[in-house]
Amino acid sequence: MDAHRARRWSSRAAALVAGLVVARLAVPWWCGRDATAWLDGDPEVQRALATELVVFEASDDALRAGGGTRFDGEWALVTHQMVALGLAQLCLAHPAWAAELAPVATRAAAHSFLPEMRGFGTQAWHGEDAMASLDGDHGHAYLAYAALALGMARLVDPAFPAELARPHDALIAAYERRLLASPTGLIETYPHEAYPTDVAAVAAAIAVHGRVTHAAHDAVLHHWAERVRAVQIDAASGLVIQRMDARSGAPHDAPRGSGTGLAAYFAGFADRSVAAQLADGVQRQLAIHLGFGAIREYVAGRDGGHGGQGDIDSGPVVLGVSVSATGFALAPMRAFGHAETFRALYRTVDLFGLPVADGERRRFAIGGPIGNALLLALLTSGPELAP
């Protein structure tokens, strides 16, 4: 009887081990099954997620026509901005899609530029609206997210409206003047606070404007790139410092993965070498467990007083890795051909994002419109890279 019991438990143990081995191999494979398709720019997966965001913009239009708004503020600005960037990138990658997608990119960019979308910034600047103070010296760098969206839509949409082009030109001129005057290559997002990631969006917006209008922005982009390397990147880690004093360049936070991942994406529009340098810094933060990749938010021993915890920029930080940094890193990894890192990160995004197919549409169930908008832009990055 004891021998029989021993054989039975031995069989169960062997089955358990076999099951764990299968799970260890199968789960990463399953979660990574679409990684190569995204990496290679497979039209089927790209179009399905794009269709989800086209439907989102149409429903947003319908809601506004009824006198309401879906939501307002910073997250709404970023949602519409990323829809515009993702769709514009697809127009560049697949010119035959432009007739359908470019007008939607323009609508999304126009939504990001609405006054209610920048209300959070107006409030932070004690009632000073960014577009009403273009002659001033206050940075208002947050509006570069909308300016970049407008530029990319303008790049791919021959019918881009003049009533948007004129304020876009004026905003870019203000950003160029402010950035050239800054010894640190930084301008403020909020009073006394500069974020290198936001200023990378400023540089991206200026660079794309140059492509559209053929205006010469070389001097300001060179100044920005030189100051990024000299002032904004932490030499030891290769990460940008998350938050700084715009005038002195004094750090107000630590070098962090989330800011660097998004800065690497934005920098790609303006200066390929800066973007590649930031991508290398992000890759140093890579952690892989059981085939799943993630990006550490902080450098060991340097968490800027956050106690290893997350904030609105990083999202949740679990076991040292950041949700936002992991997602943002997809863009530079794809753009610069870091295929294995991209695949490892995508497995994690797939595992926790819960992709769902719905007819011709595809969405990631966790994260809502902003998550899908971000992933459309990040997973289709590459066509936007500066020459």
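In particular, which residue stands opposite valine 321 in E4?

Modeller: Please bear in mind that this is a predicted model. The residue that stands opposite valine 321 of E4 is arginine 296. This facing pair belongs to the setting of strand E2 (residues 292-296) and strand E4 (residues 321-322), which are joined in the antiparallel sense over two bridges. In general, strands of a sheet pair through backbone hydrogen bonds, in either a parallel or an antiparallel manner. The sheet here is open and has four strands, in the order E1-E2-E4-E3, with antiparallel pairing. Strand E1 (286-289) and strand E3 (317-318) are at the edges; each has a single partner strand, and therefore one side of each lacks a neighbour in the sheet. A helix also packs on the sheet: H15 (residues 339-353) touches E1 and E2, and its direction makes about 95° with that of E2.

For another packing arrangement in the model, one may turn to two helices. Helix H7 (residues 144-156) packs with helix H8 (residues 162-180) at an angle of about 130°, the axes lying 10 Å apart. Because of that angle, H7 is oblique to H8. The crossing of these two helices, H7 and H8, is left-handed. On the H7 side, the contact is made by Ala144, Ala147, Leu150, Gly151 and Arg154; H8 contributes Leu164, Ala165, His168, Asp169, Leu171, Ile172 and Tyr175.

Terms used
Residues numbered from 1 in each chain as written. Predicted model: local features only at pLDDT ≥ 70, side-chain atom pairs only at ≥ 80, totals over all residues. Heavy atoms only, no water. Axes fitted to C-alpha atoms, helices over the stretch in contact; angles between N-to-C directions. Parallel < 35°, antiparallel > 145°, perpendicular 65-115°, else oblique. Left-handed = near helix turned anticlockwise from the far one by under 90°. Contact = heavy atoms within 4.5 Å. Pairing = 2+ DSSP bridges.
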